[in-house]
Amino acid sequence: MAKLLIINGPNLNMLGTREPDIYGHETLLDIENSCITKASSFGHNLEFIQSNSESDLINKIQQSRGLVDYIVINPAAFTHTSVAIRDALSAIEVPFIEVHLSNVFAREAFRHHSYFSDLAQGVICGLGSQGYLFAIEAAHKFLSE
Ligand code: CA2
């Protein structure tokens with residue numbers, strides 16, 4: 001059994017309440033429940049967190065060192081701004097996948113750059129909440145090899 005951590009950045013707590021055309025109708029709790037079901041089907045333990053605070057996210061990443069086997073992260077707007085979260089992920093040496101609900105490359109130019117993609121094992125975007133489930137499958141395959 002592996003320990004997976006799913007990290008969600010700012011404003012993702014509002015999922016399902018606004019902008020459903022971009023982010024879908026599911027709430028973050030719906031996504032969390034689907035992720036737990038998927039991880040459990042592989043026999044893995046999953047922790048799912050969200051914060052609007054950059055420092056909370058950095059602290060959580062730092063505390064994961066040696067305790068978490070794989071991270072799936074949707075850094076939300078911090079994708080495009082946060083060298084600090086990038087440095088935390090780089091320091092802990094836990095493999096991770098970057099997920100975005102929307103296709104960031106079909107949106108504004110400022111969303112085309114990520115501070116995370118070159119460090120990530122993979123990047124999934126534009127597939128809605130399914131992206132999290134595909135990331136869990138990929139993590140399971142990686143951890144099984
Ligand atoms: O597509 C994604 O998953 C994003 O990471 C979402 C971020 C955005 O800044 C990234 O460029 C792409 C924004 C999350 C905001 O979520 C909301 C949810 C409901 C209502 C309003 C915002």
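This is a predicted model: local features need pLDDT of at least 70, side-chain atom pairs count only at pLDDT 80 or more; totals for chains, interfaces and linings use all residues.
**First stop: helices α2 and α5.** Select residues 28-41, which form helix α2, together with residues 130-144, which form helix α5. The two axes lie 10 Å apart and meet at an angle of about 25°. Angles under 35 degrees count as roughly parallel, and α2 and α5 are therefore roughly parallel to each other. Viewed as a pair, α2 passes α5 in a right-handed crossing. To display the contact, show the side chains of Ile 31, Ser 34, Cys 35, Lys 38 and Ala 39 on α2, then those of Tyr 132, Leu 133, Ile 136 and Glu 137 on α5. Colouring these contact residues by class gives six nonpolar, one polar and two charged.

**Second stop: helices α3 and α4.** Next, select residues 54-63 for helix α3 and residues 83-92 for helix α4. Here the packing angle is about 5°, with the axes 9 Å apart; α3 and α4 are therefore roughly parallel to each other.

Finally, turn to the largest pocket, whose volume is about 400 Å³. Select Pro 10, Asn 11, Leu 12, Tyr 23 and Ala 76, which are the closest to the pocket centre among the 18 residues that line it. Extending the selection to the whole lining brings in nine nonpolar, five polar and four charged residues in total.

Terms used. Residues are numbered from 1 along each chain as its sequence is written. Side-chain values use heavy atoms; hydrogens and water are left out. Axes are lines fitted to C-alpha atoms, for helices over the stretch in contact, and angles run from 0 to 180 degrees between N-to-C directions. Helices (H or I, at least four residues) and strands (E, at least two) are DSSP runs, numbered from the N terminus. Angles under 35 degrees count as roughly parallel, over 145 as roughly antiparallel, 65 to 115 as roughly perpendicular and the rest as oblique. A crossing is left-handed if the near helix is turned anticlockwise from the far one by less than a right angle, and right-handed if clockwise. Contact means heavy atoms within 4.5 Å. Ala, Val, Leu, Ile, Met, Phe, Trp, Tyr, Cys and Pro count as nonpolar, Asp, Glu, Lys and Arg as charged, and the others, Gly among them, as polar. On a 1 Å grid over the protein atoms alone, a cavity is a set of points where a 1.4 Å probe fits but cannot get out, and a pocket is an open set with protein on both sides within 12 Å along at least five of seven lines; lining residues have an atom within 4 Å of a point. Grid points are joined across faces, edges and corners, and a volume is the space filled by probe spheres set on the points.
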